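Dear colleague,

I am passing on the model we spoke of, with notes on what was found in it. Please read them beside the coordinates and tell me where you would look further.

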Amino acid sequence: MIYTPRLPRLDTFAAWRDAARALASNDVPTDHVVWGMEGDAAGLFGAGAALPPAREMTVPKDFVPLARLVCASRASGAHDLLYRVLMRCRGNAKLLGNRADPQVQQLEAWAKHVRRDMHKMKAFVRFREVTPQGANRRQFLSWFEPEHRIEELVAGFFARRFADMDWVIVTPEVTVRFKAEELSLEAGVNTKLDLSDETEDLWRTYYANTFNPARLKIKAMQSEMPKKYWKNLPEADLIPDMIAQAEARVRQMQENAPTLPPLRAARITARLRADHLKQ
């Protein structure tokens, strides 16, 4: 008997957890399960068999937070490998502590990629103000393109960080909305928003004036701000020219730097002060 659970775009982890519990608690072999997302094309086994009723089971305490991250990954086979490790954990509660295990290593690597994507979203979301005249609360809008399905994982951060305003973050697959202190998420296909406002010029000016060419490390900068995010950052169109001009600017800074006084100047100044006090 083959099972083909399909996971929704939102509440993905909860759906995977419920399906995995039903399957694992009934000892369904890993090779009898074909995981997929809702909307995926029907495979060889079609809709598959109905899931059996779930029974009581326990998992290591570290498995749930790991699974929550991995469920957000777009990596092929992520949900399948999670189930395989879950089945192995039932007879080995210390499995997740074995960093030499290839399957555990893979799950940890995927979780690391998701955490990094979450960090980048927190750093690179740029809100544009869209407050209509007469509104009681300021309103903002942003477009962001995450690598993984992380909207649910980071929505709470933005709700806490920007609790004093209404805002919407639109991604290609999800709309995250915070209005009147209520957070909601809606799945759907979205097209890229064309956003611009007068604050972008101010932000570019600030970014250009705080850029220090003497401390430029291109590889480190691109590691922290990968090029795939540049297209949605207002300051990004300045970066190529600033990199190109960095060497010349450093030379100019060196030429304009003040020169140090001769060493004897301090002794002369001290002697003049002493003579003045004697008078």
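Two strands are taken to pair if DSSP finds at least two bridges between them, and the helices (H or I, at least four residues) and strands (E, at least two) are themselves DSSP runs, numbered from the N terminus. This is a predicted model, in which local features need pLDDT of at least 70 and side-chain atom pairs count only at pLDDT 80 or more, while totals for chains, interfaces and linings use all residues. Residues are numbered from 1 along each chain as its sequence is written, and side-chain values use heavy atoms, with hydrogens and water left out.

As a whole, the chain has 9 helices and 7 strands. Of its 279 residues, 37% are buried, where buried means under 20% relative accessible area, exposed over 50%, and partly exposed in between (1.4 Å probe, protein chains only). Among contacts (heavy atoms within 4.5 Å) with a separation of 6 or more, 70% are between residues 24 or more positions apart.

Strand β4 (residues 139–143) is largely enclosed by the rest of the structure, because 4 of its 5 residues are buried. On one hand it is joined to β3 (residues 128–129) by 2 bridges, the two strands running antiparallel, and Arg-128 has Leu-141 of β4 as its bridge partner. On the other hand, 5 bridges join β4 to β5 (residues 166–170), and this pair runs parallel, with Leu-141 standing opposite Val-168 in β5. Together with helix α5 (residues 151–161), β4 and β5 make a right-handed β-α-β unit; right-handed here means that, with the strands pointing away from the viewer, the path from the first strand over the helix to the second runs clockwise.

Thr-175 lies in strand β6 (residues 174–179) and is buried, with a relative accessible area of 10%. Its side chain makes a polar contact with the side chain of Asn-190 at 3.3 Å, a polar contact being a pair of N or O atoms within 3.5 Å, of which, within protein, one must be able to donate a hydrogen and the other to accept it, and residues adjacent in sequence count only if both atoms are side-chain atoms.

Turning to the helices, α4 (residues 102–124) has 23 residues and reaches 33 Å from its first C-alpha to its last, close to the 33 Å expected at 1.5 Å a residue, that expected span being 1.5 Å times one less than the number of residues. At the start of α4, a side-chain oxygen of Asp-101 comes to within 3.0 Å of the backbone nitrogen of Gln-103. The buried residues of α4 include Val-104, Leu-107, Trp-110, Ala-111, Val-114 and Met-118. An α-helix has 3.6 residues a turn, so residues three or four places apart point the same way.

In helix α3 lies His-79, which is buried at a relative accessible area of 8% and whose side chain reaches the backbone oxygen of Cys-71 at 3.4 Å. Arg-90, in the loop between α3 (78–89) and α4, is by its relative accessible area of 40% partly exposed; not counting residues up to four places away in sequence, Arg-90 touches Ala-24, Asp-27 and Met-57.

With best regards
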